[in-house]
Amino acid sequence: MKLKIYYMKKILVLLSIVLLCGCGNENKDAAIKEYEKVFAEVSELEKRISQSDWDKLTGRELTELYGIGKELYYDYNPMGMTPEQVTACEALKKRVGELRTRIVSRVESVLDGYRFTPYCNADTLFENTTAFPLYLKKGEKLNWRVSGASPLTVRIINADSRSVLKTNAGKSLAHDSLAINNTAIYLVEINPKGTQYIDFNINYEINDMLRLTDGTRVSSKKIGCQKNDFGAMAVPGVKMQKCFEEPRKFTLRGQFKAAFSGNSKALVAVQVPAGATDILYSLRIATSEQDHSSDGEFHDNLNNSYTAIKFLGLPLYSKSTSIGLLSSLLDDNRPLREEDAYCNMYVFRNQKQAKQFQDGTKRAALLGYDVDYSTIGTQSCNGRIPTKGNKTIYLGFENERIRYTNYIWVEVEAVVPITEYYSMKYSLYDISEVPDTIPADY
């Protein structure tokens with residue numbers, strides 16, 4: 001039967017009783033009653049100890065047992081006692097001392113070679129290099145067993161000194177150990193050399209009782225870095241590049257008023273930077289020409305959203321994930337919407353047709369605008385337009401309303417794929433600051 005925590009609490013009660021008996025009771029009857037109580041509790045403790053599976057006790061349980069063993073003490077005041085009572089008390093005193101020695105030595109024997117296994121899993125799919133951090137102290141021993149179907153590489157790294165201490169490469173099984181010479185944060189880095197299923201067991205042996213519950217844990221944080229920095233990892237990312245220095249503002253008069261003055265149409269040419277795969281636009285439509293404080297913030301807001309996403313450990317940009325990433329950025333930065341303000345937006349990729357729209361020589365419905373990315377009767381919105389290799393994309397706006405004037409603010413960002421680099425920063429924090437989701441004997 002495993003010694004559970006509630007047994008620990010019961011033992012602590014016993015400890016207070018045992019210590020009470022050593023205070024020199026002058027009343028013989030009281031001393032005899034205390035003797036009987038201690039005798040019963042010691043018998044119960046011995047029973048529990050003998051039934052415990054020592055190899056399965058957690059670090060916290062072992063530490064509590066060790067502390068109890070160290071503090072076990074019994075003494076008595078023989079004044080007024082008969083020789084038989086003195087003999088019984090002396091026998092109990094000896095018994096408590098032997099129990100103390102038994103508990104302490106047993107815990108110490110379990111501690112010899114005691115292993116923590118923070119990382120252990122089978123049949124895990126690895127696609128990229130993954131590092132497992134541990135805080136190890138001088139004199140401890142790190143062990144690892146990593147196996148896959150194909151050759152892989154395991155590196156042991158001192159994250160504090162940024163040095164590689166050991167490398168297992170070229171085989172499908174890495175089974176090794178390392179004596180720890182310096183107290184530091186260490187990384188067990190597994191590189192699958194492709195995509196494969198891997199079994200791994202990473203553990204370490206301690207040599208200090210305090211390590212059973214010292215509560216030291218490692219936290220990690222992704223930070224940006226340069227290509228040649230230690231531990232730099234390359235990821236596909238993007239940069240946002242302004243297509244306009246300031247928001248483009250247009251006044252679209254109603255159809256009736258435009259017949260006498262002004263225009264119900266507007267066209268803006270977006271010059272696409274080299275390498276851009278998409279353009280993102282923010283379109284705000286209003287019935288008042290008053291500017292809003294959010295106008296002109298599209299670039300900064302997109303960059304802030306992108307920074308928040310890229311440090312969450314998510315894939316940033318690829319052919320398969322680009323639409324999802326850009327949609328997330330746009331969802332976070334939708335412009336203010338007025339229910340009574342709307343217009344048509346047409347996307348042209350041909351300069352001649354864009355000019356025909358602007359000059360009014362042909363109705364928009366008769367022109368070859370990009371149906372997939374144009375919007376009819378839209379309110380304030382934002383969106384994505386793939387460049388498809390075009391160096392210039394034309395955005396045409398039209399107010400089809402008869403009487404009311406619309407005011408348009410347009411901001412456009414080009415999305416240019418780049419390679420970004422980041423590394424992991426490791427630090428220590430105390431388990432007391434962490435919820436109960438982390439096991440006590442992690």
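Modeller: Two strands are said to pair when DSSP finds at least two bridges between them. One such case here is strand β2 with strand β5. The model is a predicted one.

Colleague: How many bridges do β2 and β5 share, and in which sense do they pair?

Modeller: The general idea comes before the case. Strands of a sheet pair through backbone hydrogen bonds, and the pairing is either parallel or antiparallel. Here β2 and β5 (residues 184-191) are antiparallel, with seven bridges between them. For one of the partners, take Thr 130, whose bridge partner in β5 is Ile 190.

Colleague: How many residues of strand β2 are buried?

Modeller: β2 covers residues 130-136, and five of its seven residues are buried, which leaves the strand mostly covered.

Colleague: How many helices and strands does the protein chain have?

Modeller: The protein chain holds eight helices and 16 strands. It has 442 residues, and 42% of them count as buried. Contacts can also be read by distance along the sequence. Taking contacts between residues at least 6 apart in sequence, 82% join residues at least 24 apart.

Colleague: How many bridges join strand β12 to β13?

Modeller: Two bridges link β12 (residues 343-348) with β13, and the two strands run antiparallel. Met 345 has Thr 375 in β13 as its bridge partner.

Colleague: At what angle do helix α3 and helix α4 pack?

Modeller: For two helices, read the angle between the axes, then the distance, then the residues that meet. Helix α3 (residues 59-71) and helix α4 (residues 83-111) pack at about 145°, and their axes are 8 Å apart. The crossing of α3 past α4 is left-handed. On the α3 side the contact is made by Leu 62, Leu 65, Tyr 66, Gly 69, Lys 70 and Glu 71, and on the α4 side by Arg 100, Ile 103, Val 104, Val 107, Glu 108 and Val 110. These residues divide into seven nonpolar, one polar and four charged.

Colleague: Where is Tyr 76 placed?

Modeller: Tyr 76 sits in the loop between α3 and α4. A residue counts as buried under 20% relative accessible area. Tyr 76 has 16% and is therefore buried. Its side chain makes a polar contact of 2.6 Å with the side chain of Glu 90. Tyr 76 and Cys 89, 13 residues apart in sequence, have C-alpha atoms 6.9 Å apart.

Colleague: Is Asp 370 buried or exposed?

Modeller: Asp 370 counts as buried because its relative accessible area is 11%. The residue belongs to the loop between α8 (351-359) and β13. A polar atom of the Asp 370 side chain lies 3.1 Å from the backbone nitrogen of Asp 372. Leaving out residues up to four places away in sequence, Asp 370 touches Val 347, Arg 349 and Lys 388.

Colleague: Which strand holds Asn 382?

Modeller: Asn 382 is in strand β14 (residues 381-386). With a relative accessible area of 10%, Asn 382 is buried. For a polar residue, look next at the contacts of the side chain. A polar atom in the side chain of Asn 382 is 2.8 Å from the backbone oxygen of Asn 333. The Asn 382 side chain also has a polar contact of 3.4 Å with the side chain of Arg 334. Beyond residues up to four places away in sequence, Asn 382 touches Tyr 281, Ser 282, Leu 330, Asn 333, Arg 334 and Pro 335.

Colleague: What relative accessibility does Ala 122 have?

Modeller: In a regular strand the side chains alternate between the two faces of the sheet. Ala 122 is part of strand β1 (residues 115-126). Its relative accessibility is 48%, so Ala 122 counts as partly exposed. Apart from residues up to four places away in sequence, Ala 122 touches Ile 198 and Asp 199. The C-alpha atom of Ala 122 is 9.6 Å from that of Val 146, a residue 24 places apart from it along the chain.

Technical notes. Residues are numbered from 1 along each chain as its sequence is written. This is a predicted model: local features need pLDDT of at least 70, side-chain atom pairs count only at pLDDT 80 or more; totals for chains, interfaces and linings use all residues. Side-chain values use heavy atoms; hydrogens and water are left out. Helices (H or I, at least four residues) and strands (E, at least two) are DSSP runs, numbered from the N terminus. Buried means under 20% relative accessible area, exposed over 50%, partly exposed in between (1.4 Å probe, protein chains only). A polar contact is a pair of N or O atoms within 3.5 Å; within protein, one must be able to donate a hydrogen and the other to accept it, and residues adjacent in sequence count only if both atoms are side-chain atoms. Contact means heavy atoms within 4.5 Å. Axes are lines fitted to C-alpha atoms, for helices over the stretch in contact, and angles run from 0 to 180 degrees between N-to-C directions. A crossing is left-handed if the near helix is turned anticlockwise from the far one by less than a right angle, and right-handed if clockwise. Ala, Val, Leu, Ile, Met, Phe, Trp, Tyr, Cys and Pro count as nonpolar, Asp, Glu, Lys and Arg as charged, and the others, Gly among them, as polar.
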